Amino acid sequence: MQVIESEALVRLAAFGGIFAVMAVWELAMPRRERVQPRGRRWLTNLAMVAIDTLALRLLFPILAVGVAMEASAQGWGLFALTALPSWLEVALAVIALDLAIYAQHVAFHKVPILWAVHKVHHADRDIDVTTGIRFHPVEICLSMLIKFAVVVALGAPALGVFLFEVLLNGTAMFNHANLRLPAPVDRIVRLLVVTPDMHRVHHSVRMAETDSNYGFNLSVWDRLFATYVPQPRDGHLGMRIGLADCQTDEPSRLGWSLLLPFRHLGRSLRTRKTSSES
């Protein structure tokens, strides 16, 4: 238990440090002009983080690192059947979990009931460091269950899971940040990790661009699975961010954002019922 508490403190410190760096960087070198005031958006997005954290603590007695420790103690998973060096198990666990999150992200776009939940993330009309942590609590809990399954199947070492969680959280804030990287630097960095310009394409109102650039950490998956789009059609300064049918101030409201999945599902059910009656 003490190890898990220490892990949580380190993760919190990493979150706070990376968030602060990205927020200052955005302020100093913004990529785009904002279309909504920062105050209400940030209050809503940060409140969602607090709700997500509370939901995880209430629903799960242990999180991914704790599950990894239990899997190791019980001898569960693929790595328990191998004799790989510890450092290689850690590296493979990070890579495998990153691939799993890529696949999860694709699924949350392609499966209608999952897209209803994921829309909350995409409804944000600006994209900045807080967008990288704006997720509906249902999505956060489902994502944690997926991580549990991957960790147990692999028998992933706790250190690998811990490093992945820190990397995922940090790179999500980095690649959602409203910051400008020099074009030559961006071209080099995105060979390995997802950059803000690369991921911003994914938040375009154009559905063909929304259905691209799913990676959060490693950029290789989008190239490997042919979901990579280098630049938005309208350019980074001309593109519209968010959802085409949510271009109002409503996405910056907490209540509206939390209820969005249920309204989406309600509309889908009404449309399906009308279609069946006609």
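This is a predicted model: local features need pLDDT of at least 70, side-chain atom pairs count only at pLDDT 80 or more; totals for chains, interfaces and linings use all residues.
On a 1 Å grid over the protein atoms alone, a cavity is defined as a set of points where a 1.4 Å probe fits but cannot get out, whereas a pocket is an open set with protein on both sides within 12 Å along at least five of seven lines, and lining residues are those with an atom within 4 Å of a point. Grid points are joined across faces, edges and corners, and a volume is the space filled by probe spheres set on the points. Residues are numbered from 1 along each chain as its sequence is written, and side-chain values use heavy atoms, with hydrogens and water left out.

A search of the whole structure returns 1 cavity of 30 Å³ or more. The largest cavity has a volume of about 40 Å³ and is lined by Arg-32, Glu-33, Arg-34, Asp-126, Ile-127 and Asn-178. This lining comprises 1 nonpolar, 1 polar and 4 charged residues, where Ala, Val, Leu, Ile, Met, Phe, Trp, Tyr, Cys and Pro count as nonpolar, Asp, Glu, Lys and Arg as charged, and the others, Gly among them, as polar.

The largest pocket holds about 960 Å³ of space and is lined by 37 residues, of which Arg-11, Leu-56, Ile-140, Lys-147 and Asn-169 lie nearest its centre. Two or more lining residues come from each of α1 (2-28), α2, α3, α4, α6 and α7, helices being DSSP runs (H or I, at least four residues) numbered from the N terminus. The greatest contribution to the lining of this pocket is that of α1, with 9 residues, and by class the lining has 21 nonpolar, 9 polar and 7 charged residues.

A nonpolar core is taken as a set of buried Ala, Val, Leu, Ile, Met, Phe, Trp, Tyr and Cys residues joined through side-chain atoms within 4.5 Å, with buried meaning under 20% relative accessible area (1.4 Å probe, protein chains only). Within the largest such core, of 28 residues, Phe-60, Met-144, Val-151 and Val-161 touch the most other members. The elements giving two or more residues to this core are α2 (38-59), α3 (64-74), α4 (86-110), α6 (137-154) and α7 (158-176), and α6 gives the most, with 6 residues. A second, separate core of 12 residues includes Ala-23, Trp-42, Met-173 and Ala-177.

Notes:
Buried means under 20% relative accessible area, exposed over 50%, partly exposed in between (1.4 Å probe, protein chains only).
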